[in-house]
Amino acid sequence: MPTYAILGATGKTGAALLDHLIKAPNTRINAYVRSKTKFLKQRPGLEKIEDVKIFEGSLSDIPLIASTLSPSVDAAFCVLGVNENIPGIRIAQDTASSVIAALCYLRHKEVDFQPPKLIILSSATLNAVMAGEFSAVAKAVISRAMSHVYADLRFAEENLRLHQSWLDVTFVQPGGLSQDVQKGHKLSVDNASDLVSYPDLAAGMIEIAESQTYKWVGVSVNATAKDVRFEPNLPPQVLRGLVWHFAPWLYWTCRSLRIVS
């Protein structure tokens, strides 16, 4: 019976992973969340499912993260993150550091410990091959509108690659994300589609977890459909991201005035 861990089960990607894995027969799920109350409001009745264990607490609680990544876990999906270009964001770095520390703890505690395969959510913009498919204008805009997020992801990847000798990691690097329904996906190490839905992204991540390939490479989950819905909130999100890129101090001013959360 396979066991999967989801770090960030409350978010859109984590929710899509849960939707898929709950339906899979004979599958155990370890779901890490920072707020169990918030999580169960989204998922009433989930605590009654025997094959789902919920782990609540701080990301810096290494014994808790180690329990989530217990020796029985086959693959762990690290999908904690934000879609806003928040200056100084370091959630990807903190996740990578906590996961590495937890796995080191288990490695020294358990005899013959085999770490789970780590599936790390990243972005196609960080992949030189995939980003080469983007237009120069699109690349310039997006790389600035999400500059702080991408810096966080880069530092996290650099940290993980220091442990390449004993960890099995795949970086999932899709293009834009949509809240559309599942329409079909395919995996690629060469290019990224403009948009892919969260359910298709989750299905692709599970396919990667079940495969024996893609070790230490970037993989995009691409939509096979041509009619993936464009999110109307994307243009204002990009505009805000550009403002936070060129004037990061303005974000903190707006936050102190409670204009942004």
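1. Tyr-214 is partly exposed, because its relative accessible area is 25% and partly exposed covers the range between buried, which is under 20% relative accessible area, and exposed, which is over 50% (1.4 Å probe, protein chains only). Tyr-214 lies in the loop that joins helix H8 (198-210) to strand S10 (218-223), where helices (H or I, at least four residues) and strands (E, at least two) are DSSP runs numbered from the N terminus. The phi angle of Tyr-214 is near 70 degrees, a positive value in a residue other than glycine.

2. Before going further, please note that this is a predicted model, in which local features need pLDDT of at least 70 and side-chain atom pairs count only at pLDDT 80 or more, while totals for chains, interfaces and linings use all residues. Residues are numbered from 1 along each chain as its sequence is written, and side-chain values use heavy atoms, with hydrogens and water left out.

3. Arg-258 is placed in the segment after H10, and it counts as exposed because its relative accessibility is 78%. Most residues other than glycine have a negative phi.

4. Helix H7 (residues 147-161) has 15 residues and should span 21 Å at 1.5 Å a residue, and the distance of 21 Å between its end C-alpha atoms agrees with this; the expected span is 1.5 Å times one less than the number of residues in the helix. The buried residues of H7 are Ser-147, His-148, Val-149, Tyr-150, Asp-152, Leu-153, Ala-156, Glu-157 and Leu-160. What covers them includes helices H4 (91-109), H6 (136-145), H9 (234-246) and H10 (248-256), together with strands S5 (117-121) and S6 (169-172).

5. Which residues does Gln-173 touch, leaving aside its neighbours within four places in sequence? Its contacts (heavy atoms within 4.5 Å) include Glu-157, and among the others are Ser-122, Asn-127, Met-130, Ala-192 and Gly-218. Gln-173 sits in the loop between S6 and strand S7 (176-178), and it counts as buried because its relative accessibility is 3%.

6. Asn-26 is found in the loop between helix H1 (12-23) and strand S2 (28-33), and with 53% relative accessibility it counts as exposed. When neighbours within four places in sequence are left aside, Asn-26 is in contact with Met-1 and Pro-2. The C-alpha atoms of Asn-26 and Ile-120 are separated by 24 Å, and these residues are 94 apart along the chain.

7. His-108 belongs to helix H4 and counts as exposed, at 70% relative accessibility. Its C-alpha atom is separated by 46 Å from that of Glu-231, a residue 123 places away along the chain.

8. How many disulfides does a search of the whole structure find? The search finds 0 disulfides, a disulfide being a pair of cysteine sulfur atoms within 2.5 Å. For Cys-78, the closest cysteine sulfur is in Cys-104 and is 14 Å away, so it is too far for a bond. Cys-78 counts as buried at 7% relative accessibility, and Cys-254 counts as buried at 13%.

9. Val-141, in helix H6, is partly exposed, with a relative accessible area of 31%. Together with Val-137 and Ile-142, Val-141 makes a nonpolar surface patch of about 220 Å².

Methods. Patch = residues over 30% accessible without salt bridge, like charges linked within 9 Å, V, L, I, M, F, W, Y side chains within 5 Å. Areas by Shrake-Rupley, 256 points an atom, 1.4 Å probe, with all protein chains shown as cover. Salt bridge = Lys/Arg side-chain N within 4 Å of Asp/Glu carboxyl O.
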